[in-house]
Amino acid sequence: MDFGIWNEKYSVKNIIIDEQHRKLLDILYRLEKMVTRGKDHSEMVKLLSEMSDYANAHFKSEERYMEKIGYPNLSEHQKLHSQYSLEVLRFTLHHLDDNPNNARDVLNFLTHWWTDHILKVDMDYSVFAEKHEFAH
Ligand SMILES: [Fe+2]
């Protein structure tokens with residue numbers, strides 16, 4: 001099993017969500033390897049669209065969890081998810097099509113979005129869950 005760039009610091013103390021984050025970061029790791037090897041761009045587009053589907057499923061699951069624990073900032077968090085789904089991935093795919101040399105920028109952007117989102121935005125519900133003894 002490839003653990004990509006996931007490590008304990010990304011843990012939101014929920015085994016299901018951690019596993020989903022691990023998979024998303026693993027996709028980024030695979031993209032990183034593709035960019036480094038100068039892989040065919042159609043393969044990158046395929047993996048990015050796979051990532052988009054997986055991210056949408058993950059967002060739904062994460063939002064259900066936040067609802068379950070009564071997390072007070074759910075709607076703000078949901079907005080960030082929809083912004084990602086509607087704009088970010090579309091932008092990255094378009095950007096990639098425009099100029100294949102931009103693949104590295106796209107990858108850096110996505111890696112930054114995900115690591116920043118998990119460590120700052122997701123970690124906030126994790127702290128809330130822990131305080132209210134929902135973490136497991
Ligand atoms: Fe999130």
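1. Two residues are taken to be in contact if their C-beta atoms, placed from the backbone, lie within 7 Å.

2. The model is predicted. Its mean pLDDT is 88, and 91% of the residues reach 70 or more. Confidence is highest in H1, with a mean of 93, and lowest in helix H3 (residues 74-98), with a mean of 84.

3. The protein contains four helices and zero strands. In sequence order the pattern reads α-α-α-α. The C-alpha atoms fill a box of roughly 45 × 30 × 20 Å along the principal axes. The radius of gyration is 15 Å, which agrees with the value near 14 Å that a compact globule of 136 residues would have.

4. Helix H1 (residues 15-37) and helix H4 (residues 103-131) have axes that come within 10 Å and cross at roughly 160°. Because angles over 145 degrees count as roughly antiparallel, H1 is roughly antiparallel to H4. The handedness of the H1 and H4 crossing is left-handed.

5. On the H1 side, the residues that meet H4 are His 21, Leu 24, Leu 25, Leu 28, Leu 31, Glu 32 and Val 35. Their partners in H4 are Ala 103, Arg 104, Leu 107, Leu 110, Thr 111, Trp 114 and Ile 118. Sorted by class, this contact of H1 with H4 comprises 10 nonpolar, two polar and two charged residues.

6. H1 also packs with helix H2 (residues 41-68), at an angle of about 165° and with the axes 10 Å apart. That angle makes H1 roughly antiparallel to H2. The crossing in which H1 passes H2 is left-handed.

7. H1 contributes Ile 17, Gln 20, Lys 23, Leu 24, Ile 27, Arg 30, Leu 31 and Met 34 to the contact with H2. From H2 come Glu 43, Met 44, Leu 47, Met 51, Tyr 54, Ala 55, His 58, Ser 61, Glu 62 and Tyr 65. By class, the contact of H1 with H2 holds 11 nonpolar, three polar and four charged residues.

8. A remark on H1 and its two partners. Leu 24 and Leu 31 of H1 are among the residues that meet H4, and Leu 24 and Leu 31 are also among those that make the contact with H2.

Note on methods:
Residues numbered from 1 in each chain as written. Predicted model: local features only at pLDDT ≥ 70, side-chain atom pairs only at ≥ 80, totals over all residues. Axes fitted to C-alpha atoms, helices over the stretch in contact; angles between N-to-C directions. Helix = DSSP H or I, 4+ residues; strand = E, 2+ residues; numbered from the N terminus. Parallel < 35°, antiparallel > 145°, perpendicular 65-115°, else oblique. Left-handed = near helix turned anticlockwise from the far one by under 90°. Nonpolar A, V, L, I, M, F, W, Y, C, P; charged D, E, K, R; others polar. pLDDT = per-residue confidence, 0-100. Rg over C-alpha atoms; globule rule 2.2 N^0.38 Å.
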